[in-house]
Amino acid sequence: ALFLAAAPASAQIDPGMKGWAVVTGTWDKGAADSVAWVDLDTWKLVTKIDGSISAFDPEPQPWIPVSGDWDGDGIDTIQMFNPQSWKLVAAEEGPVKAEFDPEPQPWVPVAGDWDGRGIDTVRVVDLRDQSVHKLEEGPASVERYDPEPQPWMPVAGDWDGKGIDSIAWVHPEGAFSAWQAVAGDWDGKGIDTVAAVHSATGELVRAEGVATAA
């Protein structure tokens, strides 16, 4: 568990990012990780912006983008995860319409290379108890999702450069709603670290002063 105290005071805004989702990944072979956005209406990946992302208000839909290297070629692409069905769909095959259940779901997809084979797969994290599940275990039914409010979010990374990812829980202490915690290899040295990214502008603030939580 980590405390992330990286957001500068200038981030006191909430752009209402209803139509875009921030992802990080290696978009060109041999490049370091960087920030990108997925348009939730079209499922298109945007790796560069001029200015800032503008918010819009699409129809409700359950799909969550998750980035990973699914074939071991060294380049990340996007798959879309449905927390109701635990189904994955490649972004280039969509957008796919799905029934939208307004009931909140505790499931968060996290991609990583869990066995060091060089290929990412998706695990599903339960925000209620921090348990981690394989896709084939679900979808698990949720009669009622009413946990205590908690800001901890899972991120996956190779924290020691050994080629195997694991999950860490990040608390964005002192951050505002326009910022979110991400993990990546920002300098191409093979070791992932945690950072805060501003959803609208893509500004990345590396967490140099991360303290281990008790």
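**Figure 1. Gln130 in the loop between β9 (121–126) and β10.** Strands are DSSP runs of E with at least two residues, helices are runs of H or I with at least four, and both are numbered from the N terminus. The model is predicted: local features need pLDDT of at least 70, side-chain atom pairs count only at pLDDT 80 or more, and totals for chains, interfaces and linings use all residues. Residues are numbered from 1 along each chain as its sequence is written, and side-chain values use heavy atoms, with hydrogens and water left out. Phi of Gln130 is near 65°, a positive value in a residue other than glycine. Gln130 has 39% relative accessibility, so it counts as partly exposed. Buried means under 20% relative accessible area, exposed means over 50%, and partly exposed is in between (1.4 Å probe, protein chains only).

**Figure 2. The salt bridge of Asp126 and Arg128.** A salt bridge puts a side-chain nitrogen of Lys or Arg within 4 Å of a carboxyl oxygen of Asp or Glu. A search of the whole structure finds three. Here the N to O distance is 2.7 Å. Asp126 has a relative accessible area of 3%, so it is buried. Arg128 is partly exposed, at 37% relative accessibility.

**Figure 3. The salt bridge of Asp115 and Arg117.** The closest N and O atoms are 2.8 Å apart. Asp115 is partly exposed at 45% relative accessibility. Arg117, at 54%, counts as exposed.

**Figure 4. The salt bridge of Arg206 and Asp187.** The closest N and O atoms are 3.9 Å apart. This pair links distant parts of the chain, 19 residues apart. Arg206 sits in strand β15 (residues 204–206), and Asp187 in the loop between β13 (179–184) and β14 (193–198). Arg206 is partly exposed, with a relative accessible area of 34%. Asp187 is also partly exposed, with 36%.

**Figure 5. Asp158, buried and without a salt bridge.** Asp158 lies in the loop between β11 (153–157) and β12 (166–171). The nearest side chain of opposite charge is Lys162, 8.5 Å away. For charge, Lys and Arg count as positive, Asp and Glu as negative, and His and the chain ends are not counted. A polar atom of the Asp158 side chain lies 3.0 Å from the backbone nitrogen of Gly161. A polar contact is a pair of N or O atoms within 3.5 Å; within protein, one must be able to donate a hydrogen and the other to accept it, and residues adjacent in sequence count only if both atoms are side-chain atoms. Leaving aside neighbours within four places in sequence, Asp158 is in contact (heavy atoms within 4.5 Å) with Gly163, Ile164, Asp165, Gly190, Ile191 and Asp192.

**Figure 6. The aromatic pair of Trp43 and Trp63.** Rings of Phe, Tyr and Trp (its six-membered ring) pair if their centres lie within 6.5 Å; planes under 30 degrees apart count as stacked, over 60 as edge-to-face and the rest as tilted. The count comes to two aromatic pairs. In the pair of Trp43 and Trp63, the centres are 5.3 Å apart and the planes stand at 70°, so the pair is edge-to-face. The two residues are 20 apart in the chain, with Trp43 in the loop between β3 (34–39) and β4 (45–46) and Trp63 in the loop between β4 and β5 (64–68). Both Trp43 and Trp63 are buried.

**Figure 7. The aromatic pair of Trp86 and Trp107.** The ring centres are 5.0 Å apart and the planes are at 75°, so this pair is edge-to-face. Trp86 lies in the loop between β6 (77–82) and β7 (87–90), and Trp107 in strand β8 (residues 107–112), so the pair ties together parts that are 21 residues apart in sequence. Trp86 is buried, with a relative accessible area of 5%. Trp107 is buried as well, with 4%. Phi of Trp86 is near 60°, a positive value in a residue other than glycine.

**Figure 8. Cis peptide bonds at Pro95 and Pro139.** From Gly94 to Pro95 the bond is cis, with omega near 10°. Pro95 is in the loop between β7 and β8. The cis bond joining Gly138 and Pro139 has omega of about 5°. Pro139 is in the loop between β10 (132–134) and β11.

**Figure 9. The whole protein chain, with zero helices and 16 strands.** Of its 214 residues, 42% are buried. Among contacts between residues at least 6 apart in sequence, 52% join residues at least 24 apart. The chain exposes about 11500 Å², and carbon and sulfur atoms supply 48% of that area. Accessible areas come from the Shrake-Rupley method with a 1.4 Å probe; for residues, only the protein chains shown count as cover.
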